[in-house]
Amino acid sequence: MLCNVPTRRPGKLGVLLFALVTHPVFAASPPAGGAPPTAPVDWSEVEEPVLGPPRVIGPFDGGCIAGAERLPEEGIGYQAVDLERNRHYGHPSLIDYVERLGERVNQAGFGPILVGDMAQPRGGPMPYGHVSHQTGLDVDIWFRLDLPFLERSEREDLEQPILVDPRTNRLDERWTDQHAELIRLAADDPRVARIFVDSAVKRDLCERQWDDRSWLRLIRPWHSHDEHLHVRLRCPPDQPECIDQPPPPPGDGCQALAPTPRPEVYPSPSRSLPPACRAILQQ
């Protein structure tokens with residue numbers, strides 16, 4: 001059963017303790033004999049986006065966004081999960097991308113897909129879970145395809161099964177043709193810059209017969225993506241302050257695929273953001 005397989009989701013207590021240790025409010029003790037310093041406003045504490053036209057600032061792992069839109073909590077072929085995190089914001093292009101992907105998955109006869117983290121209302125670094133997802137151009141799509149549409153209250157703390165055996169670095173029996181087709185559909189959009197998956201997933205895609213293999217170039221092996229795919233869009237053409245990654249190397253990327261085990265220690269997100277982000281945070 002799915003509930004009996006390994007998952008990466010931390011318990012609520014673990015998340016809370018991690019947040020207390022790393023959150024800037026709790027990171028240092030107040031000066032001895034003085035009043036506690038004024039608690040800084042952190043990106044994760046902001047509940048609403050900045051209104052106005054979209055403005056993406058900085059790189060995916062060190063930026064922010066103004067004018068972000070919130071993804072509707074459900075639509076054709078998709079439903080958003082972990083709504084209490086308040087991480088389903090993005091550039092309008094990302095909102096449109098998710099909605100179009102849901103429609104295409106629905107037309108393909110499977111789903112609904114589960115949409116995980118996107119960005120916080122104004123982007124910026126998150127207290128846990130991601131180094132990137134800071135500019136409203138990233139979205140996590142879960143590999144779980146076995147759930148019907150759920151009530152919103154039922155979409156919190158769902159199990160997120162890991163589909164790669166850590167001993168063999170191979171996908172287990174729960175991996176299906178629908179998972180492979182989901183990734184192909186996700187890549188089949190000119191706005192996509194990269195899709196991150198475990199190397200075992202990439203290997204499976206490379207071993208399949210496809211009429212067109214050009215999209216495999218976008219599929220990049222990365223650790224901790226053995227239960228979801230992470231889609232990153234290119235900087236929209238009207239966003240001069242957005243910093244793109246270089247394009248992936250030429251070719252399908254199917255040669256010499258090394259395992260991508262989960263690290264023992266995860267890096268913390270950078271909080272060195274462009275100066276313009278400070279004004280967005282404080283609005």
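1. Contacts of Y89. Leaving aside neighbours within four places in sequence, Y89 touches E47, P49, A68, E69, R70, M118, A119, Q120, P121 and G136, where contact means heavy atoms within 4.5 Å. The model is predicted: local features need pLDDT of at least 70, side-chain atom pairs count only at pLDDT 80 or more, and totals for chains, interfaces and linings use all residues. Residues are numbered from 1 along each chain as its sequence is written, and side-chain values use heavy atoms, with hydrogens and water left out.

2. Setting of Y89. This residue is found in strand 6 (residues 89–90); helices (H or I, at least four residues) and strands (E, at least two) are DSSP runs, numbered from the N terminus. Y89 has 4% relative accessibility and therefore counts as buried, the term for under 20% relative accessible area, with exposed being over 50% and partly exposed in between (1.4 Å probe, protein chains only). The side chain of Y89 makes a polar contact of 3.3 Å with the side chain of N86. A polar contact is a pair of N or O atoms within 3.5 Å; within protein, one must be able to donate a hydrogen and the other to accept it, and residues adjacent in sequence count only if both atoms are side-chain atoms. From Y89 to D117 the C-alpha distance is 8.6 Å, although the two are 28 residues apart in sequence.

3. D42. The loop between helix 1 (12–22) and strand 1 holds D42. Its relative accessible area is 3%, so D42 is buried. The D42 side chain has a polar contact of 2.8 Å with the side chain of S44, and one of 2.8 Å with the side chain of R271.

4. Disulfides. A search of the whole structure finds three, taking a disulfide as a pair of cysteine sulfur atoms within 2.5 Å. With bonded cysteines counted along the chain, the pattern is 1-6, 2-5, 3-4.

5. C64 and C277. These cysteines form a disulfide with an S to S distance of 2.1 Å. Because C64 lies in strand 2 and C277 in helix 5 (residues 275–282), the pair ties together parts that are 213 residues apart in sequence. The link of C64 and C277 is left-handed, with -95° about the S-S bond, and both cysteines are buried.

6. C206 and C254. Here the S to S distance of the disulfide is 2.0 Å. The pair links distant parts of the chain, 48 residues apart: C206 is in helix 4 (residues 199–207), and C254 is in the loop between strand 14 and helix 5. The link of C206 and C254 is left-handed, at -80° about the S-S bond. C206 is buried at 13% relative accessibility, and C254 is buried at 18%.

7. C235 and C242. Their sulfur atoms are 2.0 Å apart in a disulfide. The torsion about this S-S bond is about -75°, so the disulfide is left-handed. Both C235 and C242 are buried.

8. An open sheet of three strands has the order 2-1-14 and mixed pairing; two strands pair if DSSP finds at least two bridges between them. Strand 2 (64–66) and strand 14 (242–243) are the edges, each pairing on one side only. Strand 1 (residues 55–59) runs antiparallel to strand 2, with three bridges joining them. R55 stands opposite A66 of strand 2.

9. Whole chain. The protein chain has five helices and 14 strands. Of its 283 residues, 49% are buried. Among contacts with a separation of 6 or more, 77% are between residues 24 or more positions apart.
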